[in-house]
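Please view the sequence and the structure before reading on.

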Amino acid sequence: MSYEVFWISGSAYAWRVMLALAVKGVAYNSRLINASEKEHKSPEYLKMNPRGKVPVLKDGETVVAESLAILTYLDEKHPTPPLFGETPSDKARIWQAVYEAENYFMESAGSVFLPIFFGDPKEKAEEIKQAALATHEELKGYEKILSHSHFLAGENISAVDLVVYPGVMVLLRAAGKDEAVQLDLGFLPFKDHYPSIAAWMTRLEALPGYKETYPPHWRE
Ligand SMILES: N[C@@H](CCC(=O)N[C@@H](CS)C(=O)NCC(=O)O)C(=O)O
């Protein structure tokens, strides 16, 4: 039986899961949720995830929410290529990087992109600028790593790449909005500021199956 992935177009968290399936070459049924119709708050959906959030992965009777839990589940079921390393020290190193990405990069990037998408960027300009500075610090760290290795945890793709990539994409989408351009947050043109990160993004975008993971409403 094939997996079902419940997702919202443009969700960085759901994107991780679809990228993981692409990396592992595993087929899945896409269940794209219409967020404006609040399908993720329907009684049927809330039975799968009472928090009403995406992503959710359904594997027969098994239902998993929380993107990192889903990545772990998929890694157990399809160990090749491993997303969380093979040795204890690799696992620790990758989990450390994943938690750092979640707690520092996504935290600060979210404080940039959420008010741009859902708030009032003019009113929140100072907070957004502060969060942008913290985000640049994290990006500088990634730029340094990627200037001498192909992926964020070494020469092989791992969970940390799948956590950071969608976050960068959503950040750049927000940074390109007219209201954000006026704030001069220093992310664009991204390739000029962060050439090694940009090259890594191109590598990830070459994954077979990448195209299906791209947010459909971004194509419009
Ligand atoms: N910690 C969760 C975060 C999931 C999350 O925040 N999803 C957002 C989309 S990016 C969502 O479903 N938002 C809809 C809502 O809260 O109504 C994970 O890693 O899966």
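Domain bounds, as used here, come from an automatic or database domain assignment. For this protein, the assignment gives domain 1, covering 3–77, and domain 2, covering 88–207. The model is a predicted one. Between the C-alpha centres of domain 1 and domain 2 there is a distance of 22 Å. Domain 1 contributes 11 residues to the contact, and domain 2 contributes 14 residues.

The ligand is considered next. The largest pocket is the space that the ligand takes. Around the ligand stand Ser11, Tyr13, His40, Lys41, Gly52, Lys53, Val54, Pro55, Glu66 and Ser67. Sorted by class, this shell consists of three nonpolar, four polar and three charged residues.

| Residue | Atom of the residue | Distance to an oxygen atom of the ligand |
|---|---|---|
| His40 | N or O atom in the side chain | 3.4 Å |
| Lys53 | polar side-chain atom | 2.7 Å |
| Val54 | backbone N or O atom | 2.8 Å |

Methods. Residues numbered from 1 in each chain as written. Predicted model: local features only at pLDDT ≥ 70, side-chain atom pairs only at ≥ 80, totals over all residues. Heavy atoms only, no water. Near = heavy atom within 4 Å. Polar contact = N/O pair within 3.5 Å; in protein donor to acceptor, adjacent residues only side chain to side chain. 1 Å grid on protein atoms, 1.4 Å probe; cavity = no way out; pocket = protein on both sides within 12 Å on 5 of 7 lines; lining within 4 Å. Sits in = over half its atoms within 2 Å of the grid points. Nonpolar A, V, L, I, M, F, W, Y, C, P; charged D, E, K, R; others polar. Contact = heavy atoms within 4.5 Å.
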